[in-house]
Amino acid sequence: MKIYHYLLPAVIFILPLHLCAQETVDTVMMRRIREAEMKNSQVADIAHQLTDVCGPRLTNSPGFRKAVGWTVDELKSWGLKASPEAWGEFGKGWRTEKVHVALKQPYYEPMIA
């Protein structure tokens with residue numbers, strides 16, 4: 001009877017571990033995906049274009065419209081069908097023309113931003 005006191009908890013804890021066996025990983029495919037990412041990735045170029053070139057993309061702003069136009073043109077150059085789609089009315093757009101940044105505490109100090 002004592003053996004069941006030790007055997008039953010062991011089975012209860014070990015059986016789920018056995019049933020949750022690890023999935024086999026296709027290392028050849030993983031290597032091919034990594035090589036394609038390292039050689040062909042355009043993520044950095046796309047991020048640069050959208051953030052640095054198009055600028056802030058606030059809704060209905062000039063930067064937003066510029067980013068939409070660039071994205072549509074880029075997708076078309078990849079052979080995809082793309083067009084800007086209306087998603088509703090927003091109203092007036094806006095953009096930042098001048099920004100002033102200053103440190104207020106513990107003393108006033110203008111900052112370059």
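Trainee: How many residues of the lining of the largest pocket are nonpolar, polar and charged?

Mentor: Six are nonpolar, three polar and two charged, where Ala, Val, Leu, Ile, Met, Phe, Trp, Tyr, Cys and Pro count as nonpolar, Asp, Glu, Lys and Arg as charged, and the others, Gly among them, as polar. The lining includes Phe64, Arg65, Glu85 and Trp87. This is a predicted model, in which local features need pLDDT of at least 70 and side-chain atom pairs pLDDT 80 or more, while totals for chains, interfaces and linings use all residues. Residues are numbered from 1 along each chain as its sequence is written, and side-chain values use heavy atoms, leaving out hydrogens and water.

Trainee: Why is Ser61 called buried?

Mentor: Ser61 has a relative accessible area of 2%, and buried means under 20%, exposed over 50% and partly exposed in between, with a 1.4 Å probe and protein chains only, so Ser61 counts as buried. Ser61 lies in the loop between H3 and H4, and, leaving aside residues up to four places away in sequence, it touches Pro56 and Trp94, contact being heavy atoms within 4.5 Å.

Trainee: What makes the length of helix H4 agree with its number of residues?

Mentor: Helix H4 has 16 residues, 62–77, and at 1.5 Å a residue should span 22 Å, the expected span being 1.5 Å times one less than the number of residues. The end C-alpha atoms of H4 are 23 Å apart, which agrees.

Trainee: Which residues of H4 are buried, and which are exposed on the other side?

Mentor: Gly63, Ala67 and Val72 are buried, whereas Asp73 and Ser77 are exposed on the other side of H4. The buried residues of H4 pack against helix H3 (43–53).

Definitions and conventions:
Helices (H or I, at least four residues) and strands (E, at least two) are DSSP runs, numbered from the N terminus. On a 1 Å grid over the protein atoms alone, a cavity is a set of points where a 1.4 Å probe fits but cannot get out, and a pocket is an open set with protein on both sides within 12 Å along at least five of seven lines; lining residues have an atom within 4 Å of a point.
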